[in-house]
Amino acid sequence: MYSNKAVQNWVEEMAKLTKPDNIVWIDGSEEEKERLEKQALETGEIIELNQEKLPGCFLHRTEVNDVARVEGRTFICTRRKEDAGPTNNWMDPTEAYEKLSKIFDGSMKGRTMYVIPYLMGPAGSPFSKVGVEVTDSIYVVLNMRIMTRMGKVAMDHLGDSDDFVKGLHSKANLDPENRYICHFPEDNTIWSVNSGYGGNVLLGKKCFALRIASYMGRQEGWMAEHMLILGIEDPKGNVSYIAAAFPSACGKTNLAMLIPPEVYAKEGYKVWTVGDDIAWMRIGEDGRLWAINPEAGFFGVAPGTSMKSNPNALLTTQKNTIFTNVVLTPENTVWWEGMGVEPPATGIDWKGNPWTPDSGEKGAHPNSRFTAPACQCPSISPEWENPKGVPISAILFGGRRAKVAPLVYQSFDWEHGVFMGATMGSETTAAAMGAVGVVRRDPMAMLPFCGYNMGDYFAHWLEMGKKIPNPPKIFNVNWFRTNDEGKFIWPGFGENFRVLKWILDRCEGKVDAVESPIGYLPDVNDIDLTGIEDEVSKETLANLLSIDKESWKEEINSQSEFFAKFDRLPAEIKKQQEALIKRLGI
Ligand code: O2Y
Ligand code: MN
């Protein structure tokens with residue numbers, strides 16, 4: 001047990017409610033990890049994988065109805081409904097505490113309560129913040145050990161302060177009808193019940209580092225964003241950093257771990273990964289925006305991860321990794337669709353049933369995951385744990401747009417950039433997600449993760465712009481333009497480096513741009529196509545950079561429809577849209 005009285009009192013209160021048989025205080029030691037792994041192996045909660053091929057790796061399977069974040073059951077519980085805003089589910093905090101207390105009452109009977117102190121951000125960083133999660137799941141403890149700095153290090157950071165985020169989690173009986181992920185930003189509190197999966201239960205990630213932290217950031221004058229952070233080193237050894245927001249399923253982890261094309265690698269360019277999902281950003285003494293990755297690991301989606309799509313991610317998962325809902329092969333290794341290797345002739349699927357590749361069923365769940373330590377990533381930046389963070393030169397927004405958005409364009413200024421972020425959207429690809437090609441608006445990729453009214457969130461972005469003396473430049477990128485046959489025109493993956501290079505050249509004032517109604521576009525000669533001329537001709541590039549007025553007309557109507565539901569839309573956002581309409585002459 002730790003000596004912090006505020007933590008002790010709160011844990012006592014949570015134990016009174018959930019009534020566990022015993023309480024284990026997590027210290028984060030190696031000995032503790034081994035003990036917990038042994039217990040989880042005995043209960044079958046985790047399965048040991050082939051320790052020669054995958055040392056320190058385990059497999060976990062969730063309930064079949066508990067395989068993803070549940071946005072419909074995720075609530076922001078502010079005293080006033082309007083403070084949660086039109087894009088969040090809202091519940092009155094008194095009602096939520098009452099309702100959930102009934103579900104939590106005795107939910108840990110016969111179980112152990114684990115008390116996990118954890119630090120979001122590097123030890124000793126002024127950016128970093130402490131959370132304490134109590135949970136009845138060893139799987140959660142073992143994942144939090146990878147995703148956060150867990151145990152004594154967090155309590156040392158907290159000292160005798162009561163400034164920590166209180167997270168209560170219980171699997172209860174995994175009843176999907178009584179599954180709730182409730183956030184109380186006004187109380188620094190998260191209550192999550194009846195799930196055992198990922199984003200619903202690893203409370204440091206989406207719940208704290210985005211929903212609660214975005215609320216904190218607005219109060220305290222900083223930003224918690226759904227952004228990867230990467231560094232690009234030039235042949236002289238100078239490193240510039242980019243933060244980028246994309247909705248889920250747009251290749252954020254791939255971009256964060258990108259390998260430059262051979263022509264650039266030969267010249268000495270390198271890409272460094274600082275983070276793949278979340279950025280906390282503050283104004284530094286030098287007037288620039290500085291960012292840290294508050295996490296310590298990657299909770300990456302497994303299907304589609306291969307030595308071709310993302311070698312760095314795959315190599316990160318070769319040891320000390322927990323795999324969730326993937327195929328177990330006869331040699332006790334793992335497999336998933338899109339891994340780029342032949343499937344095993346037989347295996348056990350994510351549901352725990354015998355499986356063969358010709359069964360007609362997917363072996364791994366499409367949202368199956370790996371939880372892997374960031375420090376194992378071959379491209380991890382030497383600066384990734386720098387307590388000062390890294391200075392951000394450019395912010396990127398993007399999504400999947402078949403026609404409307406060009407490959408890349410730059411905003412005219414910060415306010416225009418905020419408008420670009422506010423109008424971000426992605427077109428649906430899989431029939432399972434509803435109609436194909438429908439735009440899902442996802443401002444700054446924060447729609448499911450903003451802990452307060454999204455209109456106020458836009459206002460916060462605009463306010464930050466006034467306070468940052470030397471702000472990052474803002475860009476929009478789109479890797480997903482398609483031709484008339486529906487095929488992607490831009491090769492993507494490592495080739496995206498060519499676009500990043502133009503972006504950094506713009507930041508450094510090394511290259512001119514073409515002014516267009518939507519922003520600054522590259523001249524067709526300024527995106528280097530050396531080595532891919534066969535795939536992307538100058539003409540193709542010109543097509544990738546073209547603007548189709550009819551598509552923009554539709555786009556603006558769709559933006560207006562989305563904005564219509566906002567009760568607190570800053571006037572500046574409407575003003576930006578009107579200016580765009582005027583520039584387009586539509
Ligand atoms: O479904 C989940 O619980 C995971 S979702 C996720 C995981 C890692 C990083 N990003 C996301 C996301 O949905 O943005
Ligand atoms: Mn994410």
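Biologist: Why is Asp277 called buried?

Modeller: Asp277 has 9% relative accessibility. Buried means under 20% relative accessible area, exposed means over 50% and partly exposed lies in between, using a 1.4 Å probe and protein chains only. Asp277 therefore counts as buried. His226 also counts as buried because its relative accessibility is 3%.

Biologist: Before we go on, what sort of model is this?

Modeller: This is a predicted model, where local features need pLDDT of at least 70, side-chain atom pairs count only at pLDDT 80 or more, and totals for chains, interfaces and linings use all residues. Residues are numbered from 1 along each chain as its sequence is written, chains are lettered from A and ligands numbered from 1 in the order in which they are written, and side-chain values use heavy atoms, with hydrogens and water left out.

Biologist: What makes a residue a donor of the manganese ion (ligand 2), and which residues are the protein donors?

Modeller: Donors are N, O and S atoms within 2.8 Å of the metal (3.2 Å for Na, K and Ca); water is not among the atoms, so sites may look incomplete. Lys206 (NZ), His226 (NE2) and Asp277 (OD) lie 2.1 to 2.2 Å from the ion, so they are its protein donors. Their spacing in sequence is K-x19-H-x50-D. His226 and Asp277 are 51 residues apart and link distant parts of the chain: His226 is in the loop between strand E12 (223–225) and strand E13 (228–233), Asp277 in the loop between strand E15 (270–275) and strand E16 (279–283). Strands here are DSSP runs (E, at least two residues), as are helices (H or I, at least four), numbered from the N terminus.

Biologist: How do you know that Asp277 has a polar contact with ligand 1?

Modeller: A polar contact is a pair of N or O atoms within 3.5 Å; within protein, one must be able to donate a hydrogen and the other to accept it, and residues adjacent in sequence count only if both atoms are side-chain atoms. A polar side-chain atom of Asp277 is 3.3 Å from a nitrogen atom of ligand 1, so the pair meets the cut-off. For an oxygen atom of ligand 1, the distance to a side-chain N or O atom is 3.2 Å at His226 and 2.9 Å at Arg69.
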